[in-house]
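The structure under discussion is shown below.

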Amino acid sequence: MQKINIVRYQARPERADENQRLIEDVMAELGRDDPGGVRYAAFRLDGDTFLHIVVSEDGRDVLPSVPAFQEFQRELGDRLVPGTLSRTPATQVGAYGFAAAEATATAG
């Protein structure tokens with residue numbers, strides 16, 4: 001059963017670049033080791049706000065077993081503006097070109 005979560009938060013301005021680097025490390029490790037069963041996209045918006053979309057194809061949450069994700073999580077609370085973290089389950093009702101955009105982003 002597919003599970004989708006959307007996570008959104010604002011990073012402290014002085015820690016936003018560090019947060020982005022840690023996310024990039026997670027993506028690099030996922031690309032290298034491919035644990036399977038997960039699709040993950042992260043975006044940096046204006047105002048040092050970050051948006052993560054995590055799709056678990058079979059309902060398993062494989063991210064906690066990824067060392068780079070563990071490092072990303074380690075000081076996450078200290079990197080965030082208090083009260084800005086939200087995690088919302090979602091249901092996909094459609095997508096267009098999402099996988100193609102992901103392939104282009106990782107190829108660059």
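## Basis of the helix geometry

Helix axes are lines fitted to C-alpha atoms over the stretch in contact, and the angle between N-to-C directions runs from 0 to 180 degrees. The model described here is predicted.

## Packing of α1 and α2

Helix α1 spans residues 16-33 and helix α2 spans residues 67-74; the two pack with their axes 8 Å apart, at an angle of about 165°. Because angles over 145 degrees count as roughly antiparallel, α1 is roughly antiparallel to α2. The crossing of α1 and α2 is left-handed.

On the α1 side, the contact is formed by N19, L22, I23, D25, V26 and E29. On the α2 side, the contributors are P67, A68, F69, E71 and F72. By class, the residues of this contact comprise seven nonpolar, three charged and one polar.

## The second largest pocket

The second largest pocket holds about 360 Å³ of space. It is lined by 21 residues, of which V7, V54, D61, F69 and R87 are the closest to its centre.

Which elements each supply at least two residues of the lining? They are β1 (3-10), β2 (38-45), β3 (49-56) and α2. The most is given by β1, with four residues. In terms of residue class, the lining of the second largest pocket has twelve nonpolar, five polar and four charged residues.

How values were computed: Residues are numbered from 1 along each chain as its sequence is written. This is a predicted model: local features need pLDDT of at least 70, side-chain atom pairs count only at pLDDT 80 or more; totals for chains, interfaces and linings use all residues. Side-chain values use heavy atoms; hydrogens and water are left out. Angles under 35 degrees count as roughly parallel, over 145 as roughly antiparallel, 65 to 115 as roughly perpendicular and the rest as oblique. A crossing is left-handed if the near helix is turned anticlockwise from the far one by less than a right angle, and right-handed if clockwise. Contact means heavy atoms within 4.5 Å. Ala, Val, Leu, Ile, Met, Phe, Trp, Tyr, Cys and Pro count as nonpolar, Asp, Glu, Lys and Arg as charged, and the others, Gly among them, as polar. On a 1 Å grid over the protein atoms alone, a cavity is a set of points where a 1.4 Å probe fits but cannot get out, and a pocket is an open set with protein on both sides within 12 Å along at least five of seven lines; lining residues have an atom within 4 Å of a point. Grid points are joined across faces, edges and corners, and a volume is the space filled by probe spheres set on the points.
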